Amino acid sequence: MQFFPTFEFNIITVLFLFFAFMAFINLLYTFVIYGRLAFFKEPAKLSDAQLPPVSIIIAARNESDNLYENLPYLLQQNYPEYEIIVVNNQSIDDSAYLLNAFTQQFENVRVIEVNRSQHIKPGKKLPLTLGIKGAKYEHLLFIDADCKPTSNTWLKSMASNFVTGKELVIGYGPYTKEKGFLNRVIRFDTTWIAVSYFSMALAKLPYMGVGRNMAYTKTLFNSVNGFKSHYSLPSGDDDLFIQEAAKNRNYAINIDQHSYSYSAPHSTWSGWIRQKTRHYSTSNRYSRLKKLMLGVYPASLLFVLFTFIVLMFDADFRWLTLASFLLLTFLKWWIQGRCFNKLDEKSFVAYLPLWDIFYTILMPIIYYSSDKKEVNKW
């Protein structure tokens, strides 16, 4: 067995050099971008005495069951001063009656009603804007009606990041663990996206967060005219807004496990794919640099996989190619495994290289096969 091949100028040599270059790019991206989250250490935060009053804002439409289940968790937050604003967006269920009962019992719960109208665009931007304008406090924290805080210190964990100079806090919103392969795919997708946007934020290239766990100031919202530049799109309140508002290190990430807000995932592939399609609808508004940065890792990995398979059929380059591929795999496993551990998703780490390959192949299939007409439905 000959480990080092005879390097002659032919198509196989060129293919190996291309394989080596793509592997280097893939590994470089892993260390330079994902490595920032892998070795991230929590910075200093506000003390309890410094915590500002906060307005929690929920945009809800036909969410009576979720509000009944999850509002009590928000009302149990261990925090000195806060209010909860629920924007009841054109609901036709029992939300109005339920919310009225909450307001009668709790003085820090307020409701803003949005009457039904065919002229209101789909999405959360109008109800969120109304909630922000009606908020009593400067500091705002956003969560969805179907989300449950992981602890009674969720609010404190998020708000404590509003140190001097920080106007935006990017949090994490995982999905609950259930049985089935689809649930694992959805949870992996959510974690992988979080690894990406946290890492990019740490690399000074913030591009998104999740609207179900995000905080910012009213001043920051007004400074970019809210959602005005992308109001025509149903989505964008958690990515296009961040791309406009996150500047000059005015943002912080929060991966404290007490700050998570959990929600139930879709139970069908079609429902999840529709959700993914809606998220994709904003990607054409991203800057070229951010499109490039987000495409480097999956593109380079696909090229690595293709050339690896071809080179395995060549006896001359087989062993060097295999050794290079295994080295790449183990180094990425180490870095990405640390990222997943930081987000409390340890169950994926053991088979992370396989999930990495599967996900890199699956996402382009979903993107190019999805019905883009679905983006205007909510």
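**Figure 1. Strand S4 and its pairing with strand S7.** S4 and strand S7 (residues 214-217) form an antiparallel pair over four bridges. Strands are DSSP runs of E with at least two residues, helices are runs of H or I with at least four residues, and both are numbered from the N terminus. Two strands count as paired if DSSP finds at least two bridges between them. Opposite methionine 214 in S7 stands phenylalanine 142. S4 covers residues 139-142, and both of its faces are covered: His139 and Leu141 are buried on one side, Leu140 and Phe142 on the other. Buried means under 20% relative accessible area, exposed means over 50%, and partly exposed lies in between (1.4 Å probe, protein chains only). In a regular strand the side chains alternate between the two faces of the sheet.

This is a predicted model, in which local features need pLDDT of at least 70 and side-chain atom pairs count only at pLDDT 80 or more, while totals for chains, interfaces and linings use all residues. Residues are numbered from 1 along each chain as its sequence is written, and side-chain values use heavy atoms, with hydrogens and water left out.

**Figure 2. Strand S1 and its two partners.** Strand S1 (residues 54-60) pairs with S4 in the parallel sense over four bridges. Within this pairing, leucine 140 in S4 is the bridge partner of serine 55. S1 is also joined to strand S2 (residues 82-89) by seven bridges, and these two strands run parallel. Here isoleucine 58 has valine 86 in S2 as its bridge partner. How many of the seven residues of S1 are buried? The count is seven of seven.

**Figure 3. Leucine 37 in helix H1.** Leucine 37 belongs to helix H1 (residues 11-38). Its relative accessibility is 0%, so leucine 37 counts as buried. Contact means heavy atoms within 4.5 Å. Apart from neighbours within four places in sequence, leucine 37 is in contact with Val195, Phe198, Ser199, Leu202, Ile253, Ile255, Cys339 and Lys342. Threonine 217 is 180 residues away from leucine 37 in sequence, and the two are 25 Å apart in space, C-alpha to C-alpha.

**Figure 4. Tyrosine 29 in helix H1.** Tyrosine 29 also has its place in helix H1. Is tyrosine 29 buried or exposed? Tyrosine 29 has a relative accessibility of 6% and therefore counts as buried. If residues up to four places away in sequence are not counted, tyrosine 29 touches Tyr34, Met200, Met293, Val296 and Tyr297. Valine 296 is 267 residues from tyrosine 29 along the chain, yet their C-alpha atoms are separated by 7.7 Å.

**Figure 5. Asparagine 248 in a loop.** Asparagine 248 is found between helix H8 (240-245) and strand S8 (251-253), in the loop that joins them. With a relative accessibility of 78%, asparagine 248 counts as exposed. Asparagine 248 is not a glycine, but its phi is positive, at about 55°. Most residues other than glycine have a negative phi. Serine 300 lies 52 residues from asparagine 248 in sequence and 30 Å from it in space, C-alpha to C-alpha.

**Figure 6. Aspartate 344 in a loop between helices.** The loop between helix H11 (318-342) and helix H12 (352-369) holds aspartate 344. What is the phi of aspartate 344? The angle is positive, about 60°, although aspartate 344 is not a glycine. At 32% relative accessibility, aspartate 344 counts as partly exposed.

**Figure 7. The protein chain around these views.** The protein chain contains twelve helices and nine strands. Its radius of gyration is 23 Å, close to the 21 Å that the globule rule gives for 378 residues, so the chain is as compact as a globular protein of that length. The radius is taken over C-alpha atoms, and the rule is 2.2 Å times the number of residues to the power 0.38. Along the principal axes, the C-alpha atoms fill a box of roughly 80 × 45 × 40 Å. Of the 378 residues in the chain, 53% are buried. Among contacts between residues at least 6 apart in sequence, 83% join residues at least 24 apart.
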